[in-house]
Amino acid sequence: MNRSTLANKVQRDVSSLRENYTKGGLLEEELPDHPIKLFKEWFDEAVQSGTHEPNAMALATTDADGHANVRYVLMKGIKENSIQFYTNYESDKGKELSVNPYASVVFWWPELERQVRIRGSVEKMSEEKSSAYFKSRPRGSQIGAWASDQSRLAHGREELEERFKNEEEKYGVEEIPKPPFWGGYEIHIEQVEFWQGRPGRLHDRVQFARHESKWEKKRLQP
Ligand SMILES: Cc1cc2nc3c(=O)[nH]c(=O)nc-3n(C[C@H](O)[C@H](O)[C@H](O)COP(=O)(O)O)c2cc1C
């Protein structure tokens with residue numbers, strides 16, 4: 001099959017891909033006052049569903065020109081009004097968050113036919129909290145954090161492996177400190193949308209929005 005025939009076949013197949021969602025519903029009487037309660041329930045169910053990386057979330061930020069950028073990161077903490085993730089502060093996402101400290105994340109749990117979107121302002125975690133988490137990471141990940149200038153140009157795979165080896169040798173059996181350019185971010189939750197797939201594309205969508213300390217809920221059309 002030549003490349004253009006294959007491209008046409010893929011195009012045809014993509015347009016005919018569709019699922020009917022039948023696994024659940026989300027009704028007003030099931031909603032708690034605080035969205036984090038429902039988020040924790042849904043997250044626990046996602047873990048139990050056996051989905052791969054249930055804490056993976058697509059994180060959208062914007063650059064200085066207002067252009068969007070999205071990539072996956074792992075949620076590493078849930079608090080009453082925030083969720084957390086860790087990264088390199090000098091990466092593209094880190095630079096974007098320093099220009100516009102606001103983010104949107106989305107989780108997709110296919111086994112449950114559920115999506116959750118969260119938006120809010122973003123703040124760096126304290127050095128103490130980031131260091132405490134860094135300590136709990138596997139040694140290989142700690143070395144990797146030192147070895148990678150995340151998002152900058154790499155001159156081949158070999159260079160990366162060389163840098164990893166150098167860092168490994170530098171620390172030997174010593175404890176590896178947290179790099180100053182690496183740490184956590186907290187997303188202070190301002191809006192959460194719960195989406196449950198339903199038959200006939202008549203999905204349930206409930207949005208919670210925070211107004212000062214109160215949460216308002218509304219149903220949105222699918
Ligand atoms: C499932 C998954 C989880 C990831 N988790 C993280 C993470 O927690 N932190 C991180 O910095 N990058 C993580 N990455 C890599 C990012 O998607 C991305 O490639 C990297 O952070 C550079 O992004 P940037 O150049 O936009 O800053 C993950 C990738 C995948 C696919």
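How many nonpolar, polar and charged residues make up the lining of the second largest pocket? The count is 8 nonpolar, 3 polar and 1 charged, with Ala, Val, Leu, Ile, Met, Phe, Trp, Tyr, Cys and Pro taken as nonpolar, Asp, Glu, Lys and Arg as charged, and the others, Gly among them, as polar.

**View 1. Confidence across the predicted model.** This is a predicted model, where local features need pLDDT of at least 70, side-chain atom pairs count only at pLDDT 80 or more, and totals for chains, interfaces and linings use all residues. Residues are numbered from 1 along each chain as its sequence is written, and side-chain values use heavy atoms, with hydrogens and water left out. The protein averages a pLDDT (the predictor's confidence in each residue, from 0 to 100) of 96, and 97% of the residues score at least 70. Helices (H or I, at least four residues) and strands (E, at least two) are DSSP runs, numbered from the N terminus.

**View 2. The second largest pocket.** Its volume comes to about 160 Å³. Strand 5 (residues 102-109) gives the most to the lining, with 4 residues. Among the lining residues are His52, Glu53, Tyr72, Trp108 and Trp109. A pocket here is an open set of points on a 1 Å grid over the protein atoms alone, where a 1.4 Å probe fits, with protein on both sides within 12 Å along at least five of seven lines; lining residues have an atom within 4 Å of a point. Volume is the space filled by probe spheres set on the points, which are joined across faces, edges and corners.

**View 3. The largest pocket.** This one has a volume of about 310 Å³. Of its 16 lining residues, Tyr86, Thr87, Arg137, Gln150 and Trp182 are the closest to the centre. Strand 2 gives the most to this lining, with 4 residues. By class, the lining has 7 nonpolar, 5 polar and 4 charged residues.

**View 4. Around the ligand.** The residues around the ligand (a heavy atom within 4 Å) include Arg71, Asp92, Lys93 and Ser151. Strand 2 supplies the largest share of this shell, 4 residues. The shell splits into 4 nonpolar, 4 polar and 3 charged residues.

View 5. A ligand oxygen lies 2.7 Å from a polar backbone atom of Tyr72, and a ligand oxygen is 3.0 Å from a polar backbone atom of Leu74. For the side chain of Thr87, an N or O atom is 2.6 Å from an oxygen of the ligand.

Notes. Polar contact = N/O pair within 3.5 Å; in protein donor to acceptor, adjacent residues only side chain to side chain.
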